[in-house]
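Grab a pencil and work through these exercises with the model open beside you. Try each task on your own before you read its solution.

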Amino acid sequence: MKKKTQLIHGGIVGDKHTGAVSVPIYQVSTYKQEGVGNFAYEYSRTGNPTREALESLIRDLEGGHAGFAFGSGMAAITAVMSLFKSGDHVIFTDDVYGGTYRLMSKLMNRFNLEVTFVDTSDIDQVKDAIQDNTVAIYVETPTNPLLKVTDFNEVNAIAKKHDILFIVDNTFSTPYFQNPISFGSDIVLHSATKYLGGHSDVVAGLVVVNSEKLAEEVHFIQNSSGGILGPHDSWLLMRGMKTLGLRMEQTEKSTKKIVDFLSERDDIVNIYYPGLANHKGHDTHKQQATGFGGMISFDVGSGERAERVLRKTKYFTLAESLGAVESLISLPAKMTHASIPRERRLELGITDGLIRASVGIEDAEDLIQDLKQALDNE
Ligand SMILES: *Cc1c(COP(=O)(O)O)cnc(C)c1O
């Protein structure tokens, strides 16, 4: 089955009791048992038919063994980190999502989970970070906001050599463009709040694992810690996911046009987009993904200028988050990455004038005009 068909016909389709084509919202907490212990579903934290349809869909889309739905991307990441114990060590991409950095450095450290952040796009740094107690490598690619690319094959080789887990946050590329499990990853997770939901209306997280053992463990954690996604949000997410293919293709087309427009201007200092031939991760990304996506970052020279530009855009809404039908724009240094000290930010390459844009599915000409007037008239 091709991806666009799988988005419609993957997972559990329809309702076997009524024939309803859309999976019904089973808004229910508990289920009548035929006799003690004789039931299909017991309690909705443990299992719910609507959530299960979504979990089967993401499992199929990522080509894994089992899927799990959580109340947010962070709840999904927390559940995955609960696989580990005090004294274990995990290697992370250094510019991971800010919330992941906070979780690991301010919350998981309370349980003595040891972490090292390295530039995983440089495989020697990953090799050097391996310790006797390392249990996993956690990669985000492309990253936020610099769209750095990590080579799945290289990381997978190290993970297999040391018999440790290879975890990927696949939020930016989505399963439509990139399937880390086919490159050896053991666990793939998503903030489904972004492209999968796609309409700025649901907060959710998804996990896909690639073995029965991990499936049992993650289900145990999901049921024990309880950060599940409710039936209504599960349904809403599936509704959004049906058009993921169409949305990703449109956003990529428009993003290419916007990158061309920005490339022709001499008042833009730097443009970061993996689709650009001169982007450092271009070749690697091309070999492990089928599309470059709809995220771009560009440096307009200074923080003051960036703020003036952001005040002027009309269709690019000034907001956090990404991956929605509406175009969103933000200033990482003052918004998503504000909690990182400026010195560290500059080390990472997140300059004061760096603007991050998530290209929506509005008409590309309107989006370009919008950026043009903001850059010209600021
Ligand atoms: C937003 C995001 C998260 C966190 O997900 P929430 O749904 O906001 O909890 C994790 N990883 C990436 C890459 C994200 O963009």
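**Exercise 1. Work out how much area the two domains bury between them, and which residues of domain 1 give up the most.**

Step 1: Domain 1 and domain 2 bury about 3000 Å² between them. Buried area here is the accessible area (1.4 Å probe) that two parts lose on being put together, summed over both. Of that area, 59% is on carbon and sulfur atoms.

Step 2: On the domain 1 side, look for L146, F177 and Y195, which lose the most area to domain 2. Together these residues make up 27% of what that side buries.

Before you go on, a word on the ground rules. This is a predicted model, so to speak: local features need pLDDT of at least 70, side-chain atom pairs count only at pLDDT 80 or more, and totals for chains, interfaces and linings use all residues. Residues are numbered from 1 along each chain as its sequence is written, and side-chain values use heavy atoms, with hydrogens and water left out.

**Exercise 2. Find where the domains lie in the chain and what makes up their contact.**

Step 1: Domain 1 covers 3-241 and domain 2 covers 245-376; these bounds come from an automatic or database domain assignment.

Step 2: Taken over C-alpha atoms, the centres of the two domains are 26 Å apart. The contact (heavy atoms within 4.5 Å) takes 32 residues from domain 1 and 39 residues from domain 2.

Step 3: Now for the polar side of things. There are 14 residue pairs in polar contact between the domains, both at pLDDT 80 or more. A polar contact is a pair of N or O atoms within 3.5 Å; within protein, one must be able to donate a hydrogen and the other to accept it, and residues adjacent in sequence count only if both atoms are side-chain atoms.

Step 4: Which helix gives the most to the side of domain 1 that touches domain 2? α7 does, with three residues. Helices (H or I, at least four residues) and strands (E, at least two) are DSSP runs, numbered from the N terminus.

**Exercise 3. Say which residues are closest to the ligand.**

Step 1: 13 residues surround the ligand (a heavy atom within 4 Å). The closest are G73, D169, S191, T193 and K194.

Step 2: Check the oxygen atoms of the ligand. One is 2.9 Å from a polar backbone atom of G73, and a backbone N or O atom of M74 also lies 2.9 Å from a ligand oxygen. For S191, an N or O atom in the side chain is 2.9 Å from an oxygen of the ligand.
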